[in-house]
Amino acid sequence: LYLAYRQGFEIDTYRDEAVGTLAKNESGVPWINTVILTPQITYSGDKLPTRDDEAALHHQAHEQCFIANSIKTQVTVAPP
């Protein structure tokens, strides 16, 4: 959200219902191996992002995310 704000986009709402997939590792221990984010964002104001803007923002946010950089689970963002 901060990245969008820094680029001049005004966000009214952000909602996400992430879905994780449970698998077993090499030792048979269950773990969440993938997470798919499906953000639903409502913007307002004079400057609205294009789909390319949103994709770039999600990519930048993922690259800088503490959690995404701290886990071995694959995290992806579903296209809008």
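**Salt bridge, core and surface in a predicted model**

Modeller: The structure, which is a predicted model, holds one salt bridge.

Biologist: Which residue does Arg15 form that salt bridge with?

Modeller: Arg15 pairs with Glu17, and the closest N and O atoms of the two are 2.3 Å apart. Side chains of opposite charge can pair when their charged atoms come close.

Biologist: And Glu17, how does that count in terms of accessibility?

Modeller: Glu17 counts as partly exposed, because its relative accessibility is 48%, and the exposed class begins only over 50%.

Biologist: Switching to the inside, which residues make up the largest nonpolar core?

Modeller: That core has five residues, namely Leu3, Ala4, Phe9, Tyr43 and Leu57. If you click on Leu57, you will find that it touches Leu3, Ala4 and Phe9, and also Gln7, leaving aside residues up to four places away in sequence.

Biologist: How many aromatic pairs are there?

Modeller: The structure holds one aromatic pair. It is formed by Phe9 and Tyr43, whose ring centres are 6.3 Å apart and whose planes stand at 70°, so the pair is edge-to-face.

Biologist: Where do Phe9 and Tyr43 lie along the chain?

Modeller: Phe9 lies in the loop between helix H1 (2-6) and strand S1 (10-15), while Tyr43 lies in strand S4 (residues 40-44), so the pair ties together parts that are 34 residues apart in sequence.

Biologist: Are those two buried or exposed?

Modeller: Both Phe9 and Tyr43 are buried.

Biologist: What about Thr42, where does that sit?

Modeller: Thr42 is also placed in strand S4, but with a relative accessibility of 40% it counts as partly exposed.

Biologist: Which residues does Thr42 touch, not counting residues up to four places away in sequence?

Modeller: On that basis Thr42 touches Glu10, Ile11, Asp12 and Thr13. For Thr42 and Thr13, the C-alpha to C-alpha distance is 5.1 Å, although the two are 29 residues apart in sequence.

Biologist: Now the outside: which residues form a nonpolar patch on the surface?

Modeller: Phe66, Ile67 and Ile71 form such a patch, and together they have about 340 Å² of accessible area.

Biologist: Where does Phe66 lie, and is it buried or exposed?

Modeller: Phe66 is in the loop between helix H2 (51-64) and strand S5 (74-77), and it counts as exposed because its relative accessibility is 65%.

Definitions and conventions. Residues are numbered from 1 along each chain as its sequence is written. This is a predicted model: local features need pLDDT of at least 70, side-chain atom pairs count only at pLDDT 80 or more; totals for chains, interfaces and linings use all residues. Side-chain values use heavy atoms; hydrogens and water are left out. A nonpolar core is a set of buried Ala, Val, Leu, Ile, Met, Phe, Trp, Tyr and Cys residues joined through side-chain atoms within 4.5 Å. Buried means under 20% relative accessible area, exposed over 50%, partly exposed in between (1.4 Å probe, protein chains only). Contact means heavy atoms within 4.5 Å. Patches are made of residues with over 30% relative accessible area and no salt bridge: like charges are joined within 9 Å, nonpolar side chains (Val, Leu, Ile, Met, Phe, Trp, Tyr) within 5 Å. Accessible areas come from the Shrake-Rupley method with a 1.4 Å probe; for residues, only the protein chains shown count as cover. A salt bridge is a side-chain nitrogen of Lys or Arg within 4 Å of a carboxyl oxygen of Asp or Glu. Helices (H or I, at least four residues) and strands (E, at least two) are DSSP runs, numbered from the N terminus. Rings of Phe, Tyr and Trp (its six-membered ring) pair if their centres lie within 6.5 Å; planes under 30 degrees apart count as stacked, over 60 as edge-to-face and the rest as tilted.
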